[in-house]
Amino acid sequence: VPFAGWTLPLHYGQGHLQSHLHTRRHCSLFDVSHMLQTLVYGRDRIRFMESLVVGDIAELKPGQGTLTLLTNEKGGITDDLIVTNTSENHLYVVSNAACADKDLAILRDRAAQLQATGSDVHLEVSDNALLALQGPSMARVLQAGLSDDLAKLSFMNSVATTVFGVPGCRVTRCGYTGEDGVEISVPAGRAVELAEQLLGVPDVWLAGLAARDSLRLEAGLCLYGNDIDETVTPAEAGLMWTLGKRRRAAMDFPGAAVIMAQVKEKPRRRRVGLTSLGHGMGGAAQPPLTSPYPHIPGTVTSGCPSPCLGKNIAMGYVEAAHSRAGTELTVEVRKKQHPAVITKMPFVPTQYYMAK
């Protein structure tokens, strides 16, 4: 299917349901090379990055990464990124494919502004491929091709290494499924070789966009363009945890005044999880949401059947006063009303790995 200018597989031979469940029980390989990978060099690289995002990049230890948000002056989310402070004296930034052109223009424009005032910062766009290996048997599969000890690599940490004989790789313990997993940045010319090595293990199946979407929704993770965009603030999206304490105090990121005012006054709407009490509530769900209580307007932003729960689940926004878990609503899907209940996320417990 077309996706952000790329042609991507929706699913492989096993089909969506089996692929999803296999990822939860074993592990799957996703080709996510459509993501933008950018390297930021120079002694002012942290100051540069913090002028664009809400996260505390300066506090990241060598090899440590964080999910952070690019914001605009109105407090809206321009994109969500993973920024890693590598041990090799540069920042490694992974951005969404749908935002690649927009993000790169913002990064280059800001770098040029700082360079004009004498700052030392420069960007390099990586042409590496990106492979995500996700699921409970990931560590066993990958460890066979690593000299590094995966037991020492915690969630959101990263190491430059050789993987199954392919040098110049970066392994980051993260992913988009809620499972223990890694993303492997690999020189493009050897990506097929590495993928075939991994797929040589019977436990590893290929997985496509359909499983990626249902897995991330069960894990309560946002899809940019659906659940978050430039009209949504971190406070509304339930993403205030991405703002470091120092950054909140300094208020030195784009849209800080708007975002921090919302924190103080409470946002009018909030992102919530929804579980269907009947049928329906798939991706085609549209507003309005209604309620047995006085009318509660809202919007469903993502939805699908949950293979693990056997129920339909969704994510959306409702008025903050009615966002408490357990609140019953009615969701309109194709002009039909379906009962639903606000549910805490993640819908399926996450399995992120923390080294002991």
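Which element gives the largest share of the lining of the second largest pocket? The answer is α5, with 4 residues. Keep that helix in mind, for α5 will come up again.

The chain averages a pLDDT of 94, and 95% of the residues score at least 70. One stretch stands apart from that picture. Over residues 282-294 the pLDDT is below 50. The model still gives this stretch 39 contacts beyond near neighbours in sequence. Where pLDDT is low, the predicted coordinates should not be read in detail.

Now turn to the nonpolar residues. In soluble globular proteins, nonpolar side chains tend to be buried together. Here the largest nonpolar core has 24 residues. Those with the most contacts inside this core include Leu133, Leu142, Val186 and Leu198. The strands β3 (27-31), β9 (129-134), β11 (166-172) and β12 (181-186) each supply at least two residues, and so do the helices α4 (138-143) and α5 (191-199). Here α5 returns: this helix gives the most to the core, with 4 residues.

Take Leu133 as a way in. Leaving aside its neighbours within four places in sequence, Leu133 is in contact with residues that include Cys27, Leu29, Leu142, Val182 and Leu198.

Next, look for empty space. Rolling a probe the size of a water molecule over the atoms shows where empty space is left. A search of the whole structure finds 2 cavities of 30 Å³ or more. About 80 Å³ of space lies in the largest cavity. Its lining includes Leu8, Tyr12, Phe30, Asp31, His34 and Arg212. Both β3 and α6 (209-218) supply at least two residues of that lining.

Go back to the second largest pocket. It holds about 220 Å³ of space. Its lining has 17 residues, and Tyr12, Asp31, Ser33, Leu131 and Ala195 lie nearest the centre. The elements that give two or more residues to this lining are β2 (6-7), β3, β9 and α5. Tyr12 and Asp31 line this pocket, and they also line the largest cavity.

Finish further along the chain. An unreviewed UniProt entry annotates residues 298-348 as the domain "Aminomethyltransferase C-terminal". This span is 0% helix and 63% strand. Its end C-alpha atoms lie 24 Å apart.

Technical notes:
Residues numbered from 1 in each chain as written. Heavy atoms only, no water. UniProt positions renumbered as here; feature names shortened; annotations may be inferred. pLDDT = per-residue confidence, 0-100. Contact = heavy atoms within 4.5 Å. Core = buried A, V, L, I, M, F, W, Y, C linked by side-chain atoms within 4.5 Å. Buried < 20%, exposed > 50% of the residue type's maximum accessible area, 1.4 Å probe, protein only. 1 Å grid on protein atoms, 1.4 Å probe; cavity = no way out; pocket = protein on both sides within 12 Å on 5 of 7 lines; lining within 4 Å. Points joined across faces, edges and corners; volume = space filled by probe spheres on them.
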